[in-house]
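Welcome! Please take a moment with the sequence and the 3D view, and then read on for a short tour.

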Amino acid sequence: MMTRTTALLGWLPTGGGLRDEDWAGRHRLMTRLLAASMAVLVIFGALQDELSAWNLTTWLLLLVLPCVVAAVRMPGRRLPSIFVSLGFTIACADFVAMTHGQTEAHFTFFIAVAALALYRDWAPFGVFLVATTVHHGLFGLIDPELTYGHHSAQTHPLFWAGVHGTAVLLAAGFQVIAWRLSEAEEHRAQQNLDESQAQLTIAFDETPVPMAMLSPEGRIVRTNAAYRSWLRLPEELPAGFMVADLPIEPVDEVAPRMLDVLVAEEGNSINVRHYRRKDDGTTMWVEVHGTNLYDARGELRLIFVHCLDITANVRHQEELRNQVRHDALTGLLSRSAFEADLPVLLDAGEPVNVIYIDVDRFKTINDGSGHAAGDDLLRALAARLRSSVPAGSLVARLGGDEFVVALAAAPETGAQAGYGILAAFAEPLELGDGHLQVSLSLGLATGTSRADADDAVLAADTAMYAAKRGGGNRMQIFSDDMRVKVRERLAAEARLRDALAGDRDVTLPIWFQPIVSAATGEITGAEALVRMRTASGQILAPGHFIPAAEETGLIVPLGEHVLRLAVRHLVEWGDRLGYVSVNVSPRQLAEADFVPMLANLLAANAGLDPSRLVVEITETALLGSSLDVRERLEMIKSLGVRIALDDFGTGYSSLTWLQSVPADVVKLDRSFVAGLAADPRKASIIQAVLWLARSLGMSVVAEGVEDPADWQALRGLECPSAQGYLFGRPQPAEEFWSAFQDGHDTLATGRTDGDQATAGALV
């Protein structure tokens, strides 16, 4: 029995639980309802003709009015609510008396029960229940006609007092049940809220990212430990601490306030600002992420911010920009920086002399003494070159052993500067413990306006090659006789620029040449080769525009286009074709954003296996590159892309490249393949390369296979793969894929005029 009672008491609502402002709002409502009820009853009594109604109205005023006053003036919660409860009891009893105990008048007691339940407090609730029962029983005995409106109740007032009391009690009981259920639901909601608050607290306070909550007025509502540590704030901020009180200030004083920017934003925002610490004067770059929180009316209530200190990243970017502007090896201007600064120099209105410089026989020096000695030579050469030109000259290294000088002066002064450079290198360069004599080939050209920038460099380059053809160690001034070649080069550049500016899929299509397996004779891959379609519809081979692309730097967007188109075809064709190889220029490889571009391209085609893309690097071109080739290629391999060493055997240190370049495929140059069947020495060389490649985990592709006898010899040597006119010429993508789907038959269509090989069937 005791257990059931305890359980029942435990189930009953506990009462209270309202916040002060919520209780005050409910109490104001109840007090006003009581006052309004009193006013209505006074009017109702005034409309009655009976003297008893006036007497009851008087008693109503004498008893209820003090309850209203007490409810308004008494402190605390319980006493004011009890007076409201008593006031409602008196008002209901008075109304019943005014109506001579009509049954419908008793409904007001039930209304009052529901109203008093708003307090969620046992005191006013219990007082009303007791007072109601007392009223029905006591007044039923004293004056049953004013309490009950029917004969049975007037005859047996105590019985009907019990009936009425029971009815009110039942009504109150259901209010208690609703009250208890509401408390249970609120308790669960509070538990969920507490759990959410705990999660928020952990996520907010424990995260290592500086975070803060701001009011729209700029008051700092809340911060986490990372924020306080980052800005060196105390654990407890003073009351009313504002954003303006933070120990930082913007470096750019005219920029809009960060708070104003955040308030003006809708939803999420990201802003980068440069700040200075007030305590030690150091500066920092901050990336501020803001999220605005609005209430149901759409008014901004809170701004949630988290701050990322990106100072290191910004400084790193500045260092990268500096590296882009300066050649890493020599410290001179880079090609891109020179190309940007030359038009500015030409804008000054004075003629600008461009001197293009190339080191004679540098490759011999580099190969004979090693790359380290070659780098030392370039550094020493750059230092002497810088000291031998007039002050204010632009001095840049364009790549390899090519340099350029630009100075604003009359053409005669430019010629004197060129001869001065030659004279400066008459003395040997000091390299380590020894000396090395070098000679230079110089080309001189003059430009007079910004529009002449590219033409002047191209003309100086043309003159330099004329000096080199003349034996080197001299300077050649650009003349009209050289203009024809320059025009041809400019025309090639113009065609390329037009093609790049148009629909590249149409103007610069890629064709595919098959690569076959020696074991099965099936097509296992293809090499993507770019072509140019002119406005007249003529198809131009790479020789008509690739040199211009290399010289002007347009090889970078051109190469990216070829890569994207090759990947697109790989994705469209599915997994039937093993792989596609794409030639990559050293100029492309040297670009800082080449690897990120390649990574983004692969990420955009997530379904593509990266190993199906092969990047071909020309061995001979890499020999003159100052780039850390191995590091860049390792970055490419980390993406899953394979690397092929193209034209293997044409360089001066092929075996060195095999062990230093992380290649997956070696492509034997056609010079080793042609006449292989009739030359045992070539067979021995290829056999040695095949053995070495296998030992290094590399595959081999023989290029330029045109004779069936050479193909049989390659198969006898167990060369894994081959490509050449014997298996098929480069063809447009649609024709290549159509032929591939027709059973991997030969793609060659027969010999045409100008062919240097006989197309044969696939063996």
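Predicted model: local features only at pLDDT ≥ 70, side-chain atom pairs only at ≥ 80, totals over all residues.

A residue is called buried when its relative accessible area is under 20%, exposed when it is over 50%, and partly exposed in between, using a 1.4 Å probe and protein chains only.

Residues are numbered from 1 along each chain as its sequence is written, and side-chain values use heavy atoms, with hydrogens and water left out.

The chain contains 30 helices and 24 strands; these are DSSP runs numbered from the N terminus, with helices (H or I) of at least four residues and strands (E) of at least two. A contact means heavy atoms within 4.5 Å. Of the chain's contacts with a separation of 6 or more, 64% join residues 24 or more positions apart.

Let's visit Cys-92, which sits in helix α4 (residues 78–98). Cys-92 counts as buried because its relative accessibility is 6%. Beyond neighbours within four places in sequence, Cys-92 touches Thr-108, Phe-109 and Ala-112. Thr-108 is 16 residues away along the chain, yet the two C-alpha atoms are separated by 5.9 Å.

Most residues other than glycine have a negative phi.

| Residue | Phi | Loop between |
|---|---|---|
| Glu-718 | about 65° | α29 (708–716) and β23 (721–722) |

Glu-718 counts as exposed, because its relative accessibility is 57%.
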